[in-house]
Amino acid sequence: MNGFINPYTFIPVNKGRKQDYADYFKKPLLSGKICCTLTTRTQIAVCDKIREQDFDFFKVDGKAVIMGSSLRGTIRSIYEALTDSCLSSTNAEDEDYFSSRLNKAAPGLIENTENGYVLYQAKRFKDENNTQLRNYKTGDIVGFSEYSKKGRNGTILYFNLKENASRKGYVHKVDRFHSIIKGKPIENKDSIFEKKGTAIPLTEKSIHLLEVNIFDVDKNQLRYATKDKKIAENYYAQFKKMKAGQALLPVWYYEENGNYYFAPSQMSRAVFFRQPVDFLKDKNLNPCNTAESVCEACALFGIVRQGENNSGSFAKASRIRFSDAICEDKNCFDKKIKILSGSPRLSSFEFYLNSIDEQYHADSPNVKIAGRKYYWHHNDKTIKSSANNGSENMIYQVELVKPKSVFRFEVYFDRIPETALKKLLFAITLGENTADSPHCHKVGHGKPIGLGSAKIIADSVKVRTFSDGLYLEDDYIWNPEELRKVFANQKNVDNVLKVTDFNAVNGKDIQYPTTNPDGGEIFKWFSENRNGLRSIGKPMEYYCKLPSLKDTDQHLPFNPKSGGNSQSFSYGNGNSFGMGNFRTKPPKKKK
Ligand SMILES: [Zn+2]
């Protein structure tokens, strides 16, 4: 087969449903326990760190254990998808998740005035030999005179420092990287920015995003990376002076639809106004944080939200408890393998966002989130090692448990309505309570490389009643095939059943995007998938988009540019949630 299947796909989202917490728990309510058996279909990894980059399978008394918290996370994410609940475990708090290279950047100067932040356009003069600004920092004010020379693309403006000159400019220092343009090495130049034009008012948000772009407050470290660390450090120091109203800050900026995007250097990235949490809010799917507006999954599984400085903290206890799952067979362990850690963190809009438009980025109109992320099962694939191409420090050694290993655990429920119990049973059994059912969960680590597939069945469901001072346990009678009827949206059920189908796609073809079948850098595939990375001031255009969940063929081509022409791929229509496979023709060539 030509091409590969991306390890994850998205379940499309609907408008989230939230209501008052108390409304979920109207009597009669049931309490009791579900006794479950989990049988592994593939190898699994539930890790306990023994040394840096070396993990044993989690064990108690020599027996393999899957922690209750891990099972709970697995079941909860399915429950969320079935009930249009919030995306409780997204990295929705990341403020710089969506960012991109600033195209067509113009020089400017920012000031914090009595009336708020303003931008001045600026004229930029280069230091021809990069010798004059050695002893200066970004933001320093210098006197200069100008001269110009003919360059390849028109006239280039240069400056000479001149102590008592009437013309003043602001120093802008940059990293000394070299690029090759038309065979000639070009050194990046320091420059000075001269203030021009009138003050353009700016929003606080645009300044906030510039700070996010430069500095990570949570980690207390610079995001703006320069080879010479002093360049970035001085830039952030100047930013803080500007914020305090004590200085002007040279910036590169780009304006689009009234939004001003700022970057510390001409070639660096800018952060978009709309981040994951904004997209979630549009759909009422942002993590719940008040009792008046709670989604079904949070009501059942509980919520803990830490507000800033303890203000706005909010918690509701879980009504469900998962015990640890234990495997009695001490021969269940497989030998250790080496795997690459983590998944690539990419601002790949073509996968995480979708749009009816051909060109888009996070701030474009008509853009929506692709949905809830799930990993495909890898059928017919034994994992030996996935760490052939990574750099050393990303490789982890993990101990696995073999396929067909049997774990047992219990799920306790406490004062929940019968409909919630039925939904929970569906989320656990995926509607088929038989050991050979193809509908499986994913647990533990290494999901992208094919670890973690397991079938869970409910062996018994007991409901506890209290009468005459005694607890009585009764069998709860249920029919797995009837369960799906309790969900308001049957499309959600179909989507969950597709993504949990062990045989939905051919496991042998699953891998992260690379430009050839034997591996290669993931980044390269994404950059080759973009048409017009240099196209000025325009959002990216993509050759390939991720196939939508409903598509029969989930393959992507190793050569993304071939996506539009290859006959072996199906063509989508690019509508909003069915993200569409590939465009029907290659994108137009830019001039
Ligand atoms: Zn919620």
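I started with the crossing of α1 and α7, which is right-handed. The axes of α1 and α7 lie 9 Å apart and the packing angle is about 120 degrees. I had to check the class for that angle: roughly perpendicular stops at 115 degrees and roughly antiparallel needs over 145, so α1 and α7 are oblique to each other.

Next I looked up who touches whom. From α1 I got Ile75, Ile78, Tyr79 and Leu82, and they meet Lys423, Ala427 and Ile428 of α7. By type, that contact has six nonpolar residues, no polar ones and one charged.

Then α1 by itself. It covers residues 68–82, so I noted 15 residues, with 21 Å from first C-alpha to last, close to the 21 Å expected at 1.5 Å a residue. Is α1 enclosed by the rest of the structure or left open? Largely enclosed, because eleven of its 15 residues are buried. I listed the buried ones, and they include Arg76 and Glu80 as well as Leu71, Ile75 and Ile78. After α1 comes Asp84, and I jotted down its positive phi, near 55 degrees.

Leu430 has one near 55 degrees, and it is not a glycine. I found Leu430 in the loop between α7 (418–429) and β34 (441–442). Which is Leu430, buried or exposed? Buried, as 25 other C-beta atoms sit within 10 Å.

Asn130 went on the list too: not a glycine, yet its phi is positive at about 55 degrees. Its loop runs between β11 (116–126) and β12 (141–151). Asn130 has 15 C-beta neighbours inside 10 Å, so I logged it as partly exposed.

One more backbone item: the peptide bond from Lys27 to Pro28 is cis, omega near 5 degrees. Pro28 belongs to the loop between β3 (18–19) and β4 (30–40).

Last, the overall numbers, with a reminder to myself that this is a predicted model. I count nine helices and 39 strands in the protein. Of the 591 residues, 38% are buried. For contacts between residues at least 6 apart in sequence, 71% join residues at least 24 apart.

Terms used
Residues are numbered from 1 along each chain as its sequence is written. This is a predicted model: local features need pLDDT of at least 70, side-chain atom pairs count only at pLDDT 80 or more; totals for chains, interfaces and linings use all residues. Helices (H or I, at least four residues) and strands (E, at least two) are DSSP runs, numbered from the N terminus. A residue is buried if 20 or more other C-beta atoms lie within 10 Å of its own, exposed if 12 or fewer, and partly exposed in between; C-beta atoms are placed from the backbone. Two residues are in contact if their C-beta atoms, placed from the backbone, lie within 7 Å. The expected span of a helix is 1.5 Å times one less than its number of residues. Axes are lines fitted to C-alpha atoms, for helices over the stretch in contact, and angles run from 0 to 180 degrees between N-to-C directions. Angles under 35 degrees count as roughly parallel, over 145 as roughly antiparallel, 65 to 115 as roughly perpendicular and the rest as oblique. A crossing is left-handed if the near helix is turned anticlockwise from the far one by less than a right angle, and right-handed if clockwise. Ala, Val, Leu, Ile, Met, Phe, Trp, Tyr, Cys and Pro count as nonpolar, Asp, Glu, Lys and Arg as charged, and the others, Gly among them, as polar.
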